[in-house]
Amino acid sequence: MSLQKKSKITISEILSKKKNKEKITMLTSYDYCLSRICNETDLDMVLIGDSAATVMMGYNSTRKIGMAEMLTFCKGVVNAITRQVVVADMPFGSYQMGKSISIKNALKFLRCGCDAVKLEGGLEIVNIIKNLTDLGIPVMGHIGLKPQTTPLHHGYISQGKTAEDALKLLNEAKVLEEAGVFSIVLEKVTSEVASVITQSVNVPTIGIGCGPHVDGQVLVTHDMLGLYRDFEPKFVKRYLNLSEQIFNAIKAYETEVKSGKFPQEEHMYHMTEEEFAKLEIMLKRA
Ligand code: KIV
C-alpha cells in the first residue's frame, strides 16, 4: 500500500471522467478499517450504502436501517477517507416526509463529513432532489431496481426489459439530470437500456448489475470480497473468498489457544526480575 498522500477527488473531476471516457469506480464502505484501505487506492468514490442494513446489521431489507445507524457508519468512513468522494445513502423514510425533513437529514450527512447524498427514486422524489440541489447539496440519483421501495415478495428482478419500461427509465434519468444530480446509479437495469441512458444524459451513470456500457461501476464490497454469503447476485464478481479466509483464521486461533501454541514469548509483557522478587516477598508477608 502506498503511503503517499494523494489529493482529494472532486465532484467536478467525476463529471470530467464522463467527458474523457474514463471509467469511474465506486465501492461501498461502512467502517474505518476498510475505508483506510480504500483510501490508499485510486477508487473515485466510496458509498456508505444503505446495504449496510443487510451486510452490517443482518436486516432482511434496506428499509429497516435508519438515520442514526447510517450516521454511525458515516463517522467511521469519514475518519478514514481523505481521497475519495464520500457519498451517503439517505435511508428509507429520511427524505419522503417533505422538504424540510429531507434538507435537515441531508445536512446531517454533510455535517458528518460526507461530500454528497444518494436518494433512491425517480419521478416520485424529483421535487425533493431539486430542493436539495438548489441549496447546493450534491445529490446522486438511483433508479432501476430500488430495493427501499420494492416489496420483498416481488423479488429483486431486473429492470428495463420491455421497450415501455426502457422509456420510463430513460425519462426518469433525464428528469433527475434536470433536477441537478451529479451522477445516477443504475441498479440491475438491462445492459441495452443502461447503454441508451448513458448515451442520453450528460451526468455519469454508475452501474450495478447493468453490464459494461455505463460510465462507472459500483459493487457492495462485502459481496466482491466474498464476506456476505446470505445472497449471491449473478452480477457480483468475487475477487476474494474472505469469509473462508476469516473462518480458517478463527479456527487456527481456536486450535492454538486450546493447544497452548498461542500466545508465545513475543506476545507477552514482563516485570523486571527485581520487581518480581519484590512481589514474591510481599506476597509471602501478606
Ligand atoms: O446501498 C447500496 O449499496 C447501494 C448500491 C447497490 C449502489 O445503493
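This is a predicted model: local features need pLDDT of at least 70, side-chain atom pairs count only at pLDDT 80 or more; totals for chains, interfaces and linings use all residues.
Which residues in α5 meet I128, N131 and L132 in α6?

**Stop 1: helices α5 and α6**

Select residues 99-112 for α5 and residues 126-134 for α6. Now show the side chains of K99, S102, I103 and A106 in α5; these meet I128, N131 and L132 in α6. Colour this contact by class, and it has four nonpolar, two polar and one charged residues.

Next, look at how the two helices are placed. Their axes are 10 Å apart, and the helices pack at an angle of about 50°. That angle makes α5 oblique to α6, because angles from 65 to 115 degrees count as roughly perpendicular, those under 35 as roughly parallel, those over 145 as roughly antiparallel, and the rest as oblique. The crossing of α5 past α6 is right-handed.

**Stop 2: the barrel**

Select the strands β1 to β8 in order, β1-β2-β3-β4-β5-β6-β7-β8, which form a closed barrel of eight strands with parallel pairing. From one strand to the next, the twist averages 25°.

**Stop 3**

Keep residues 85-89, which are β3, and residues 116-120, which are β4. Strands of a sheet pair through backbone hydrogen bonds, either parallel or antiparallel. Here β3 and β4 run parallel and are joined by three bridges. To find a bridge partner, pick A88 and look across to V117 in β4.

**Stop 4: helix α7**

Finally, select residues 163-178, which are helix α7, together with β5 (139-144) and β6 (183-187). The helix α7 lies across both strands and runs at about 175° to β5.

How values were computed:
Residues are numbered from 1 along each chain as its sequence is written. Side-chain values use heavy atoms; hydrogens and water are left out. Axes are lines fitted to C-alpha atoms, for helices over the stretch in contact, and angles run from 0 to 180 degrees between N-to-C directions. Helices (H or I, at least four residues) and strands (E, at least two) are DSSP runs, numbered from the N terminus. A crossing is left-handed if the near helix is turned anticlockwise from the far one by less than a right angle, and right-handed if clockwise. Contact means heavy atoms within 4.5 Å. Ala, Val, Leu, Ile, Met, Phe, Trp, Tyr, Cys and Pro count as nonpolar, Asp, Glu, Lys and Arg as charged, and the others, Gly among them, as polar. Two strands pair if DSSP finds at least two bridges between them.
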